[in-house]
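Please look through the sequence and the model shown here before reading the report that goes with them.

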Amino acid sequence: MQTKFILALCMSLIVAVGCSHRKNKKAEERAVQTATNVNTTEYTTITFDKGQKELSEMNKHHLRQLAEKAEADGRKIDEVKVLAWGDKEYSLEKSATKAEVNLAKTRADNVKKYLSTNLATDPDIDEVNMAKKPNMWDEMVRSDEYKTKEAFQTEQMTSKASKAMVIFEYEQI
């Protein structure tokens, strides 16, 4: 299940930050559906202004829409992943500055806090600080966090700086 979720995360980010053309969007949506066993995940991408830590009203609106869609579809949210980046790009080999790591953490914390108080259910909410370089242990044992970071880092995607991705994984019926 972990491998499936990692693949779902990777495909979801491609969709989230990929090309904005309609033709590409439809192809990406098909890829996400195929990778996630047809609609077991939904996501939204949040864009922050440089240096911004707090959620804007538009960001809150996107999160509410995602939660309302789950409720309207009658699907129970099993797990939420919040992936957050700082304002600069980084790679698995190079650490971001402490300020960038802290910025990404604060963004993830704020998203988590908002979801915790505004979701009808109480799913697990996991944060992944995408600005923080994986430690040696995570790399050695290839932890879930390491696999997530590796999957998103190795994909050819547009800028991930100043973004957070929120992914809802639903209980399978």
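This is a predicted model: local features need pLDDT of at least 70, side-chain atom pairs count only at pLDDT 80 or more; totals for chains, interfaces and linings use all residues.

Residues are numbered from 1 along each chain as its sequence is written, and side-chain values use heavy atoms, with hydrogens and water left out.

**Overall fold**

The protein has six helices and four strands, where helices (H or I, at least four residues) and strands (E, at least two) are DSSP runs numbered from the N terminus. Read from the N terminus, these elements follow the order α-α-β-α-β-α-β-α-α-β. Of the 173 residues, 45% count as buried; here buried means under 20% relative accessible area, exposed means over 50%, and partly exposed lies in between, with a 1.4 Å probe and protein chains only. Among contacts (heavy atoms within 4.5 Å) with a separation of 6 or more, 77% are between residues 24 or more positions apart. The protein exposes about 9,700 Å², of which carbon and sulfur atoms supply 50%, as given by the Shrake-Rupley method with a 1.4 Å probe, where for residues only the protein chains shown count as cover.

**The nonpolar core**

In soluble globular proteins, nonpolar side chains tend to be buried together. A nonpolar core is defined here as a set of buried Ala, Val, Leu, Ile, Met, Phe, Trp, Tyr and Cys residues joined through side-chain atoms within 4.5 Å. The largest such core in this protein has 33 residues, and the members that touch the most others are Val80, Val111, Leu115, Val166 and Phe168. Two or more residues of this core come from each of α3 (57-72), β2 (77-84), α4 (98-118), β3 (124-129) and β4. Leaving aside neighbours within four places in sequence, Phe168 has contacts that include Thr40, Leu66, Ile77, Val80 and Leu115.

Tyr170 belongs to strand β4, which covers residues 163-170, and Tyr170 counts as buried because its relative accessibility is 2%. Although Tyr170 and Thr40 are 130 residues apart in sequence, their C-alpha atoms are 5.4 Å apart in space.

**Helix α4**

Helix α4 has 21 residues and reaches 30 Å from its first C-alpha to its last, close to the 30 Å expected at 1.5 Å a residue, the expected span being 1.5 Å times one less than the number of residues. Its buried residues include Val101, Leu103, Ala104, Arg107, Val111 and Leu115. The buried residues of α4 pack against β1 (41-47), α3, β2, β3 and β4.

**Salt bridges**

A salt bridge is counted when a side-chain nitrogen of Lys or Arg is within 4 Å of a carboxyl oxygen of Asp or Glu, and by this rule the count comes to ten.

Salt bridges that share partners join Glu42, Lys69, Asp73 and Arg75 into one network. Lys69, found in helix α3, is partly exposed at 36% relative accessibility, and the C-alpha atoms of Lys69 and Glu42, 27 residues apart along the chain, are separated by 9.2 Å.

**Loops and surface**

Arg142, in the loop between α5 and α6 (144-154), has a phi near 55 degrees, a positive value in a residue other than glycine. Ser162, in the loop between α6 and β4, has a positive phi near 65 degrees, and Ser162 is buried, with a relative accessible area of 11%. Met140, which is found in helix α5 (residues 136-141), counts as exposed because its relative accessibility is 60%.
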